[in-house]
Amino acid sequence: MCGIVACRVRDHAAPVLLSALRNLEYRGYDSVGIAVSTEIGTLARIRTVHRIDDLEHRVNDWNGARLGNVGIGHTRWATHGAVDEANAHPHCDCTGRISLVHNGIIENCDELRATLTTSGHQFSSAVDSEVVCHLIEARLAESSDLFDAVQTAVTQLEGSWALAVLEESTGRLVAAAHHSPLLLAHNDAGTFVTSDPAAVSEWASEFHILRDGDVVEAGETLRWRNSGLMIDPPTPVDFARTHSPAELRGHSDFMDQEIDEQPVLAAKLIDELGPAIANGRLWDELGLPPFDALQIIACGTSMHAGRVIAQTLGRLAAVPTTLTLGSEVAYDVVLPRTLRLAISQSGETADVLRALDHPVPTEVRTLALTNNPHSTLSRRADAVLAYSAGPEIGVAATKTFVAQVIVGVCAVLSALVSSGRLSVTATLELVEQLRRLPVQLTTALEISRRVVPAIAHDLSTASGFLFLGRGSALPYAAEGALKLKELSYRWAEHYPAGELKHGPLALIEPGTPVVAVENGDPRLRANISEVRARGARVVTVGYDGSTIPVLTGEPTPWGPLEAVVPLQILARAVALELGRDVDKPRNLAKSVTVE
Ligand code: M6R
């Protein structure tokens with residue numbers, strides 16, 4: 001999704017911005033641009049709707065005034081307005097005095113645009129961000145101080161923003177944030193502003209994190225305001241360990257590599273957490289109060305992991321759980337003694353963060369399950385379970401799903417034994433079952449790599465897919481369908497197999513692919529027969545005798561986690577058959593920072 005970089009360095013800003021923007025590529029974007037100060041006190045604005053390579057060519061071909069040492073850059077993921085150069089960031093005011101990049105959504109943009117237009121401002125894009133340029137321009141007409149102008153302008157905004165604003169003749173750089181991540185590093189190499197610390201990890205590891213309402217001037221020294229009052233910069237946080245750069249190690253794409261990493265990651269997590277489960281230590285160290293109900297807040301793949309965690313809790317201890325998509329939280333009733341479990345790989349998903357604003361009884365506490373211990377989600381939660389899966393570059397979540405399930409299940413077991421709802425003996429048996437997962441995932445990988453490509457080839461011309469499961473297999477069927485639609489751009493839906501006869505059976509015609517995920521429930525066989533009888537091409541993921549026989553162990557409360565491996569491989573293989581970019585599927589972003 002949209003990404004911001006800005007810098008003030010000793011030498012040339014453009015190469016730094018280009019390199020930082022490349023580090024943001026994995027998040028998904030549809031246009032990219034920079035604005036850089038020049039030696040004659042103008043701003044050079046260079047944008048493209050093509051890839052960063054094209055931007056680099058345009059920068060190299062630049063034949064205007066020599067580019068200077070201060071600049072801003074942006075990868076755009078369209079929300080307002082088409083994908084074209086006029087809508088690409090940076091945006092300018094009428095005079096060209098300031099350039100600005102913005103992440104987030106200005107919710108009162110229509111009203112502001114109408115007022116600004118009436119007072120003579122001319123807009124050159126359809127993007128909500130441009131209103132901020134004109135608001136700053138209007139303020140600069142009253143006071144020529146950029147820092148003050150940005151401060152006043154943001155008080156007129158509703159919605160979310162991370163902003164970097166560059167002034168033409170002075171090269172002054174001002175950043176501001178509200179409900180959208182933005183960080184600032186100030187060190188010997190220069191000053192760097194970014195929405196994602198991975199973008200500038202080559203130059204900075206310690207960052208000050210902007211809080212809601214912060215406006216900061218990034219000059220030779222920092223001037224920091226919150227809600228208009230001058231304050232000291234917040235204590236910097238060291239991101240070095242959590243933002244190690246990701247590189248391909250002999251794989252053709254990151255998704256392939258990340259699928260392969262799953263058994264080793266599972267082993268690492270279970271080794272780390274295993275000794276702290278049956279003694280309740282994992283739960284006790286979180287410092288959270290006991291709970292009688294669980295509310296899970298998540299989106300996409302993280303919600304599928306949440307479904308697995310909720311089912312595990314329900315099966316083992318009959319603790320009631322609510323599954324709430326981040327974007328739908330407004331309609332939930334949360335009782336006291338509820339634990340809110342917010343699950344997000346990035347920790348920056350706007351729907352999840354906004355869901356946490358929903359009022360709940362004061363005793364309700366929030367536990368974050370995330371791959372990013374320094375994320376906004378981590379800062380907002382009362383306790384954090386950080387699962388350290390390493391960077392996941394493929395837009396499709398794979399290894400982070402496996403990590404979320406394992407860590408979430410470990411935490412649930414530990415909470416149950418700590419509160420006396422599960423015996424130590426029963427917990428130890430379950431931990432033994434968890435310890436079998438790395439081998440089960442390895443077996444699933446080996447079998448899937450052998451069997452799935454031919455199946456994918458066979459199914460790649462199908463226009464739609466149905467995924468079936470029952471009970472504990474259902475979240476995995478859901479994940480298989482999400483992966484397939486996300487990567488192949490084909491319709492793929494999942495259904496509880498028992499629901500078929502209540503509607504979806506009408507979709508089945510000769511040749512319709514139906515992928516059934518087994519969990520040992522004998523009733524699934526009957527459902528498979530029903531679709532077979534109507535000519536479906538059935539692929540079963542299950543025990544011996546299945547099309548993809550990856551299941552080996554006895555059923556567990558968390559269901560057949562290893563079944564996700566062939567489903568990931570199937571989605572990737574079908575997508576490759578169709579010539580898709582599996583790491584960067586169209587229209588999607590890795591970190592979804594708008595609602
Ligand atoms: O960063 P998050 O886990 O909060 O992201 C939530 C979803 O956007 C994400 O899981 C999405 O569904 C994946 N791209 C699916 O592969």
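Reader: Which helices each supply at least two residues of the shell around the ligand?
Author: Helix H9 (300–317) and helix H15 (474–488) do; helices are DSSP runs of H or I with at least four residues, strands are runs of E with at least two, and both are numbered from the N terminus. Keep in mind that this is a predicted model, where local features need pLDDT of at least 70, side-chain atom pairs count only at pLDDT 80 or more, and totals for chains, interfaces and linings use all residues. Residues are numbered from 1 along each chain as its sequence is written, and side-chain values use heavy atoms, with hydrogens and water left out.

Reader: OK, and how many residues surround the ligand?
Author: 15, with Ser302, Ser344, Gln345, Thr349 and Glu486 the closest. A residue counts as near if one of its heavy atoms lies within 4 Å of the molecule.

Reader: Which domains does the shell draw at least three residues from?
Author: Domain 2 (249–435) and domain 3 (452–595) each give at least three; the bounds come from an automatic or database domain assignment.

Reader: Switching topic, where's the cis peptide bond?
Author: Between histidine 89 and proline 90, with omega about 0 degrees. Proline 90 is in the loop between strand S4 (67–76) and strand S5 (91–92).

Reader: And what's phi at histidine 179?
Author: Near 55 degrees, a positive value in a residue that isn't glycine. Histidine 179 is in the loop between strand S8 (173–178) and strand S9 (183–187).
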